[in-house]
Amino acid sequence: MKISQICACALLLIVGSVMAFADGINDPKIIIQGIGGGGSPQSCEKGCRNVGVNFSFTIPKSGKGFLFFTNTSGKNWTSLALIEKGVPASAITCTQNLFLSCATKTLKDGSVEILLSGVKGGLNPHQGILNGQNFDIGFACVAQSCWTNGGSTMTAHAGTAPEPGTVALMMTGLGAIVSRRKMWKRRLKA
């Protein structure tokens with residue numbers, strides 16, 4: 001292959017990928033963050049609503065604004081799924097600083113799931129929503145494109161880290177699998 005053909009293919013791939021990620025549509029945005037924009041717990045001067053692992057809330061009627069919550073479930077959340085109807089998954093922009101990723105998908109019944117997931121320990125700020133932590137969920141307009149389903153109810157379900165007993169059972173099972181594998185290898189060699 002000639003150098004000019006290789007350069008033309010590379011240029012075609014670059015232009016194609018830029019066009020695939022270009023989004024000229026101004027989408028409504030959802031923002032999930034610690035109070036005050038941080039990922040760490042802060043005081044809740046705005047009057048946070050105490051919530052457990054499953055909760056629901058009403059999107060502001062104007063289609064924009066912030067709602068304030070406190071995780072009082074007694075568990076750290078490693079994921080948070082928000083379910084809504086009215087705005088298609090492809091039209092939602094998600095911004096957050098508590099989890100590693102945010103994805104949207106359309107469910108079988110036509111509703112949309114906004115899934116925040118992935119945590120890391122240590123000094124990484126993406127630790128999910130800790131027990132007792134205050135957080136807010138914001139609905140923003142992008143160039144006059146707001147949440148069209150303002151006033152409707154959105155449901156939420158938080159995923160929690162496995163209990164220590166679950167981890168112990170899992171490790172016991174993995175240990176049994178490894179020991180059986182070693183035993184099978186010895187039988188095959190004999």
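Which strand does Asp136 lie in? I found Asp136 in strand E9; strands (E, at least two residues) and helices (H or I, at least four) are DSSP runs numbered from the N terminus.

I noted that this is a predicted model, in which local features need pLDDT of at least 70, side-chain atom pairs count only at pLDDT 80 or more, and totals for chains, interfaces and linings use all residues. Residues are numbered from 1 along each chain as its sequence is written, and side-chain values use heavy atoms, with hydrogens and water left out.

Entry on Asp136. I looked up its accessibility: Asp136 is buried, with a relative accessible area of 2%. Buried means under 20%, exposed over 50%, and partly exposed in between (1.4 Å probe, protein chains only). The C-alpha atoms of Asp136 and Phe69 are 5.9 Å apart, although 67 residues separate them in sequence.

Entry on the core. I then turned to the largest nonpolar core, which has 27 residues. Such a core is a set of buried Ala, Val, Leu, Ile, Met, Phe, Trp, Tyr and Cys residues joined through side-chain atoms within 4.5 Å. Leu80 and Leu82 touch the most other members. Strands that each supply at least two residues of this core include E1 (29–34), E5 (77–84) and E9 (134–140). Beyond its neighbours within four places in sequence, Leu82 is in contact (heavy atoms within 4.5 Å) with, among them, Ile30, Phe57, Ile114 and Ile137.

Entry on the sheet. I traced an open sheet of five strands, ordered E3-E10-E5-E8-E7 with antiparallel pairing; two strands pair if DSSP finds at least two bridges between them. E3 and E7 (101–106) are the edge strands. E3 and E10 pair over five bridges, and Ser56 stands opposite Thr155 in E10.
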